[in-house]
Amino acid sequence: MSNSAMLLAQAGAEVAKVSTGEAISFWILAPLALGGALGMIFARNAVHSAMFLVLTMLSLGVMYMVQQAPFLGFVQIIVYTGAIMMLFLFVLMLVGRDSSDSVVEVLRGQRVWAAILGIGLAGLLVTGVAEALTSVRPVGLAEQNAGGANVANIGRSVFTDYLFPFELTSALLITAALGAMVLGYTDKSKRRTQRETADARFRGEHDRPSPLPGPGVYATANSVAVPALLPDGSIAPESVSAIIEATASRELATDIETVAGAIPGPDAHALKPAAAKEGDK
Amino acid sequence: MHGYFGAYGLVALLLVVGAVFVTVALTANRLLRPARPTPQKLLTYECGVDPVGGGWAQSYVRYYVFTFLYVVFAVDAVFLFPWATVFAAPGFGVATLVEMFVFLGFLAVGILYAWRKGVLSWA
Amino acid sequence: MLALQPPPQAPIDAPQIEYSAILPVLILLGAACIGVLVEAFVSKASRWAAQVTLSLLAILGAGLAFVLYVTDSPERGLTTLYRTIAVDRPALFLWGTLLALGLGALLLIADRTVERGGAFVAQAGIRPGTVQDRAQMASGGMQTEVFPLTLFALSGMMIFCAANDLLTMFIALEVLSLPLYLMCGLARRRRLISQESAVKYFLLGAFASAFFLYGLALLYGYAGSVKLADIANAAAGSAASDTLLFGGFGLLVVGLMFKASVGPFHAWTPDVYQGSPTPITAFMAACTKVAAFGGILRVLTVGFESTSWEWRGVLWVVAVASMVIGAVLGLTQTDIKRMLAYSSIAHAGFLLVGALALRPEGLSGTLFYLLTYGFTTLAAFGAVSLVRDSNGEATHLSQWAGLAKRSPVLAWVFAFLLLAMAGIPLTSGFIGKFVVFSAGIQDGMAPLVVIALVASAVAAFFYLRVIVLMFFSDPAPDGPTVTVPGTFTTAAITLGVLVTLVLGLVPAFALDWAGTGTFAF
């Protein structure tokens, strides 16, 4: 460790000399990161986009480690690819994977111009920074990292020079917590207890005193999409949730039909003698 | 294996070993097991209930709050870690202790708010 | 490698903090935290009263601490907290302005007489248009989290004005923005448009923050430090490539201009001003503008004065664009809140003229202009919230026809405020424009000032159009009524109108105060 640190320090004192290991890892990681970024933009599925972003972030995290910033690298992986990406995925799943963007262009030609200007800005920045960096002499972190003090030095900076921004971050986090709660959480304190709901049912505030029948009861399949059968063999449509009916019940339409009549099901009057039946008529 | 990159050699080795282990285990499994698929067997297993609809269900907004709290803790940990490694070192004294607990106190207010709103209890 | 052997280092002692200087900010932050605890532990019925009392006490307490400090503050200012905060005369002037404007905005936010239950939704988590939503429309509650959020935003603004390095400035920028994004979406009426405005503001704001951050990174690469003073030193005598300096400066300025809603970075302004609850619009229009221009003044003066020759031309163009966009598009608006939004874009252009002057007169002029504009716009949005029909606020211009016949007081007050925005003599707006433009001329920016004068003439036209509409048209039979406001809104509007009047008649004391010192770093 210390040997290489000194070597790197010397390398830094001269002009940038990239070690073979660093070069190899760069040429592996950079295409991965770039590919992930492009994939994120072009993936049709929003969740796949997020996964490509994970790839980019992971590559960047490893690159930070390669560039002698292990703490930053691990933070990148733990916080960004871990926590933040999870937040992203939750939001995506909240919106629903199937919801698609509106493709209506409010301003005509907006996309074309946005693409041209965006690529133009990116080109300008990349060429500018590339041009500027040829004249920069890298200092390297070897001195800062001597004796494995990378984290200790970060700790020192946080508690001295950047003490105030650090403390202010907590205000930011509280605000965000407040925001998540205000927007995502509704107060359920006025919710009725089970007892109160039961009483209300019998007072006639609901359509029926009993709960709705569960799906799949007496039916041929064990699925929430299969309606329950009533004792006389007819189906109970209200046993399937309206949301499921809208989607899956179409596929199960034949099943429902089968249950409803094509196959003679159990008949509640089957045990009665035929004569008695005719007598009723 | 020594030097700055050498230290990560172990990590890389572990990654390789992990990948090999998984590949070997799955391949061996595939080769050894009998495979007689039927449509029923190929169904997604969901607690013994026939699956309905796609696997991409829309999630409910209240879970977002949990994820968010996780992010808060993660960011918290980012600051706690350098603090914890240097806290006992000579030179880092009471001042850093107080400073850290000011930060944690602020965060605790947020958590307390979430707790009192009933977000943390399962309803 | 992972064995940690911390090197021998100097011990970390308790930081040297000038508590008396930053006490106003600390009071606000502390009160905001207590506000969150109030949200958690006080019963729902008494929450509103507790929050209003706490917030008012906090702002008044911060004001008291501020006044006590100002009376014997050092002439040259000081930096504290490891030089991350600079409490100097311009910062103190901005803090005073922000505290007073914050008090006014808080009064508007707390009002429950204009709209039953206040301008904020009872439970933001309920989807608009559902059965539960209709039920909560009838209830009188409100989301009282807005009070701690307002305090957080206000403290973020105060820190933003005083931030001596770019990192602190960035975090302050987020602390001030995040509550605003959130509060924009909490309107009681027209919830969808309110939520849309919140999303727009948030997305564009996050984008602008990214620009700011990228600029910060490039500047760090250039100077090896995020401190404004170090960047200035590096710019004065560094062999490093200027590409990093100007690339970083450009991106940084984009982020700052966005917050100040300077055109062409204004795209969010009309939509957000229109959709937000009007008290929040007032807060944003008055306080965010003050904070953002405070930050712009400090960055330009402290960090980049030595290179002004290179970048000033670009900001000229930005100032012209802002004035033209604000004045011309303002003419075409039919919604009073959107019109005021375009007016704020035009005003941002005028303010930029003063900020570009980079001389003591420019600094004091811009500070004074911010003071006058803040109070005028606060009162104007307060007045807008009073004109209502059964659907809430009647913001369409046609509904304002003949308002003078229904409520002469409101019409006169609003006309006075519009005249102040137009810069008619005897109002504060005139003095503000005068000092800013004369600073511009002293600095050799005569062409820019001429354009600014033309733009103010064009803008004056749409202010006058509203006045004509109010006084010389017949009211529609089913037109809106003017609500008689309660104490809070009356106090806020009166505060704004009085300051506008007083600064128009006797501006000398405020001008003197604005010109007492320069930035410390």
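In which hand does α17(C) pass α18(C) in their crossing?

## The helix pair of chain C

In this predicted model, α17(C) passes α18(C) in a left-handed crossing. The contact draws on K433(C), F437(C), G440(C) and I441(C) from α17(C), and on A446(C), L448(C), V449(C), A452(C) and S456(C) from α18(C). Sorted by class, the residues of this contact are six nonpolar, two polar and one charged.

Helix α17, spanning residues 428-442 of chain C, and helix α18, spanning residues 446-472 of chain C, have axes 8 Å apart and pack at an angle of about 155°. Because angles over 145 degrees count as roughly antiparallel, α17(C) and α18(C) are therefore described as roughly antiparallel to each other.

## The sheet of chain C

Chain C also contains an open sheet of three strands, arranged in the order β4-β3-β5 with antiparallel pairing. Its edge strands are β4 (392-393) and β5 (481-482) of chain C, each of which pairs on one side only.

Strand β3 (residues 387-389) of chain C runs antiparallel to β4(C) and is joined to β4(C) by two bridges, and R388(C) stands opposite E393(C), a residue of β4(C).

## Domains of chain A

For chain A, the domain assignment gives domain 1 (1-97 + 120-145), domain 2 (149-184) and domain 3 (212-264). Between domain 1 and domain 2 of chain A, five residues of the former are in contact with five residues of the latter.

On the side of domain 1 of chain A that touches domain 2, α4 (70-95) and α6 (142-145) of chain A each supply at least two residues, and the residues of that side comprise three nonpolar, two polar and no charged.

How values were computed:
Residues numbered from 1 in each chain as written. Chains lettered and ligands numbered in written order. Predicted model: local features only at pLDDT ≥ 70, side-chain atom pairs only at ≥ 80, totals over all residues. Pairing = 2+ DSSP bridges. Helix = DSSP H or I, 4+ residues; strand = E, 2+ residues; numbered from the N terminus. Axes fitted to C-alpha atoms, helices over the stretch in contact; angles between N-to-C directions. Parallel < 35°, antiparallel > 145°, perpendicular 65-115°, else oblique. Left-handed = near helix turned anticlockwise from the far one by under 90°. Contact = placed C-beta atoms within 7 Å. Nonpolar A, V, L, I, M, F, W, Y, C, P; charged D, E, K, R; others polar. Domains from an automatic or database assignment.
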